Amino acid sequence: MTVTLEPLLDFADVSMRFPDGTTALTGVDLRVARGEFVSVVGPSGCGKSTLLRIASGLEQASGGTSTVSSRRIGYVFQDATLLAWRSVRRNVELLAELHGVPKAERADRATEAIKLVGLEGFEKHLPRQLSGGMRMRTSLARSLTLDPELFLFDEPFGALDEITRERLNDELLKLFVQQGFAGLFITHSVAEAVYLSTKVLVMSGRPGTIVDSFDIPFEMPRDPDIRFTAEFATLVGKISHALREGHR
Amino acid sequence: MKLNWWQPSIVLALVIGFWYAMAYWYDKGKELAFVVPYPHLVLDTALNDAMFRNALLDNLFQTIVVTATGLLIAVLIGMSWAILMSQARWLEHSLYPYAVILQTIPILAIVPLIGTIFGYEFASRVIVTVMIALFPLVSNTLFGLHSVDKAQRELFQLNGAGRLTTLLKLQLPAALPAIFVGLRTAAGLAVIGAIVGDQFFQRGTPGLGVLIQVSNSRLNGAGTFAAIITASLLGVIVFLLFGLLGRLVTGKWSETS
């Protein structure tokens, strides 16, 4: 068993109440350490995304303590959020550019990141010339240039077709094994969560809170075929069940 | 929009046909041939009457100078105005009403005032041009700056981008297609402004607006028509030019242009 590492993300009793009076989150405890990939599944509108917004600093929690002990945070949005007027390469360079990384170095980092997501040969393409999957790869590559210790994903593959989504899941796992970051992944697909994660948390809606937690026993790196094993199916079944219970 | 040539050509042929019919009626029926001159006489005056042709070219040049100066100033003021408003909600609330009011002021109503303050020459002609061309630049630039996707804004925020960086690397490029729409409209309006300006402020070296009035007062129907058509063509050319410029700059990446 691995030694318990100091968590990069530590939420204790976090709650979120918006000024209009709606409570989005209540009593959320959540810990993500390096080498962990934690997924949160829950119905739409249960406050999953708010969790990420607090973790990234876009929002301030109204209660509890949220500690993030790294400044190298990657954030992948639901949408690829590419700049339409920039080529793939210039989009991938953007974040390093905003952080003031010198030109030569950000070019090197972009080359590396583009290679990691398999976009070589598309460097000069504009976003409108790419498929949805390739746009998401570009978005991933853009975050990778910052070499994040903590990677936050806000349903990044939700809009993609099943085949593209599975392929990107495989590649994300490969990146996770290679780069060894801490991942916090929001999704509403239970199968995706089980396949990617070391741990899956189940959230209930209104106000959102974590009602169940499942450790995923499959070893890393994972064989894509584990998706077709009985053990995988059983886990997906159990989590889906917990999700329904929590939703009730 | 892709420009289709043959359908407008048919309309043009119909219009010219109607024009000939009107000219014939005024010529034979009312014996007032100078009111609506035959199209070929207009063309003949514009191309072959050396004195008129020179006056036409001189005036055209003056109108272009006023249009270009006015448009340039309108672009600078309009974009600064919009950028300022995009920086804070209270600034937008404070300043936007005046952009609307500026557009609703009947130019004719304040013409005497402009003349008294700025004289009856070039400066006043440019001021009228700026006032007429300004609004589409303000509103389209503001619309463009606001069109930035919320997630993209947050991406910049998460990565420590300040106001200036966000403006230069995100908002302004994102606003370019809308800015060019505004620019195209403003350019067409600037031509109108220059012609209108001519008619009120006639000192110095005015442009086509004065030529139209002078030709008309001398009962030179062919000259009046030639000057009006030249002014209209200038408007069309300027409109097409900025449409083309917009496509060259943003056409590759923009979904809308």
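Guide: Two strands pair if DSSP finds at least two bridges between them. Keep that in mind as we look around this predicted model.

Visitor: How many bridges join β1 of chain A to β2(A)?
Guide: Strand β1 covers residues 7-17 of chain A, and it runs antiparallel to β2(A). Pairing needs at least two bridges. These two strands of chain A clear that cut-off, since the number of bridges joining them is seven.

Visitor: Which residue in β2(A) stands opposite Pro7(A)?
Guide: Pro7(A) belongs to β1, which takes in residues 7-17 of chain A. Its opposite number is in β2(A), and that residue is Ala33(A).

Visitor: Now the six-strand sheet of chain A: why is one side of β5 and of β9 left without a neighbour?
Guide: The order in this open, mixed sheet is β5-β6-β7-β3-β8-β9. Neighbouring strands are turned by 15° against each other on average, ignoring direction. β5 (73-76) and β9 (209-215) of chain A stand at the edges, so each of them has a single partner strand.

Visitor: Which residue of β8(A) is the bridge partner of Val40(A)?
Guide: Strand β3 (residues 37-41) of chain A runs parallel to strand β8 (residues 199-204) of chain A, with four bridges between them. Val40(A) has its bridge partner in β8(A), namely Leu201(A).

Visitor: How many residues does chain B put into its contact with chain A?
Guide: Chain A brings 13 residues, and they divide into eight nonpolar, three polar and two charged. On the side of chain B the number is 16.

Visitor: Over residues 225-245 of chain B, how far apart are the end C-alpha atoms?
Guide: The unreviewed UniProt entry lists several stretches of chain B as "transmembrane region", among them 174-196 and 225-245. Residues 174-196 are 100% helix, and their end C-alpha atoms are 34 Å apart. Residues 225-245 are also 100% helix with 0% strand, and there the end-to-end distance is 30 Å.

Visitor: At what angle do α4 and α6 of chain B pack?
Guide: Two packed helices are described by the angle and the distance between their axes. The contact is made by Ala99(B), Leu102(B) and Gln103(B) of α4(B) and Met131(B), Leu134(B), Phe135(B), Val138(B) and Ser139(B) of α6(B), which divide into six nonpolar, two polar and no charged. α4(B) passes α6(B) in a left-handed crossing. With the axes 9 Å apart, helix α4 (residues 89-104) and helix α6 (residues 122-146) of chain B pack at about 145°.

Technical notes
Residues are numbered from 1 along each chain as its sequence is written. Chains are lettered from A and ligands numbered from 1 in the order in which they are written. This is a predicted model: local features need pLDDT of at least 70, side-chain atom pairs count only at pLDDT 80 or more; totals for chains, interfaces and linings use all residues. Two residues are in contact if their C-beta atoms, placed from the backbone, lie within 7 Å. Ala, Val, Leu, Ile, Met, Phe, Trp, Tyr, Cys and Pro count as nonpolar, Asp, Glu, Lys and Arg as charged, and the others, Gly among them, as polar. UniProt positions are given in the numbering used here, feature names are shortened, and annotations may be inferred rather than shown by experiment. Axes are lines fitted to C-alpha atoms, for helices over the stretch in contact, and angles run from 0 to 180 degrees between N-to-C directions. A crossing is left-handed if the near helix is turned anticlockwise from the far one by less than a right angle, and right-handed if clockwise.
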